[in-house]
Amino acid sequence: VACKQALRAIGLEVFRGSEVLESLLQSSALDVRWKTNLVDFMSDFVKAIKEEFPAQLPNYTSTFVHGTLRESDYALASHGVLGGALLRHRVCTDRVARRLLVLLEHPAPNVRCCAAESLQHFPI
């Protein structure tokens with residue numbers, strides 16, 4: 001919930017000028033009930049950033065790659081989902097895949113599951 005509130009609060013300012021991102025951030029994906037599939041939302045989000053703000057991609061990739069394993073299981077599972085979106089759109093695939101491999105060793109099953117599902121998007 002805090003993540004959605006933060007996106008609602010600052011996302012429109014950060015991505016001002018992008019109709020696609022503004023629409024995505026105002027969509028039901030950020031509704032309190034979260035009616036939208038998180039995997040689809042993250043994929044659309046990464047795709048839009050890649051197309052409209054390519055210079056910002058290294059920032060998102062660095063945040064993903066340098067996250068700490070002391071974060072909550074929920075946050076790390078979200079990292080797994082973001083990793084899948086980054087792989088799907090061919091963003092820093094080697095660095096992202098290495099981070100997902102680290103998440104595969106996490107003790108929490110939901111973190112390992114998200115990492116494993118995301119690795120299926122690694123380009124062959």
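Predicted model: local features only at pLDDT ≥ 70, side-chain atom pairs only at ≥ 80, totals over all residues.
Student: How many helices and strands does the protein chain have?
Tutor: From the N terminus on, the elements run α-α-α-α-α-α-α. The count for the protein chain is therefore 7 helices and 0 strands, a helix being a DSSP run of at least four residues.

Student: At what angle do the axes of helix α6 and helix α7 cross?
Tutor: Helix α6 spans residues 93–103 and helix α7 residues 109–119. In a left-handed crossing, α6 passes α7. Their axes come within 8 Å, and the crossing angle is roughly 150°.

Student: Which residues in α7 are met by α6, and what is the make-up of the contact by class?
Tutor: From α6, the residues involved are Ala-97, Leu-100, Leu-101 and Leu-103. Their counterparts in α7 are Val-111, Arg-112, Ala-115, Ser-118 and Leu-119. By class, the contact of α6 with α7 has 7 nonpolar, 1 polar and 1 charged residues.

Student: Is the pair formed by the rings of Phe-41 and Phe-45 stacked or edge-to-face?
Tutor: A search of the whole structure finds 1 aromatic pair. The ring centres of Phe-41 and Phe-45 are 5.8 Å apart, and their planes stand at 20°. Planes under 30 degrees apart count as stacked, so the pair of Phe-41 and Phe-45 is stacked.

Student: Are Phe-41 and Phe-45 buried or exposed?
Tutor: Both residues lie in helix α3 (residues 38–52), 4 residues apart, about one turn of the helix. Relative accessibility is 2% for Phe-41 and 8% for Phe-45. Buried means under 20%, so Phe-41 and Phe-45 count as buried.

Definitions and conventions: Residues numbered from 1 in each chain as written. Heavy atoms only, no water. Axes fitted to C-alpha atoms, helices over the stretch in contact; angles between N-to-C directions. Helix = DSSP H or I, 4+ residues; strand = E, 2+ residues; numbered from the N terminus. Left-handed = near helix turned anticlockwise from the far one by under 90°. Contact = heavy atoms within 4.5 Å. Nonpolar A, V, L, I, M, F, W, Y, C, P; charged D, E, K, R; others polar. Phe/Tyr/Trp six-rings, centres within 6.5 Å; stacked < 30°, edge-to-face > 60°. Buried < 20%, exposed > 50% of the residue type's maximum accessible area, 1.4 Å probe, protein only.
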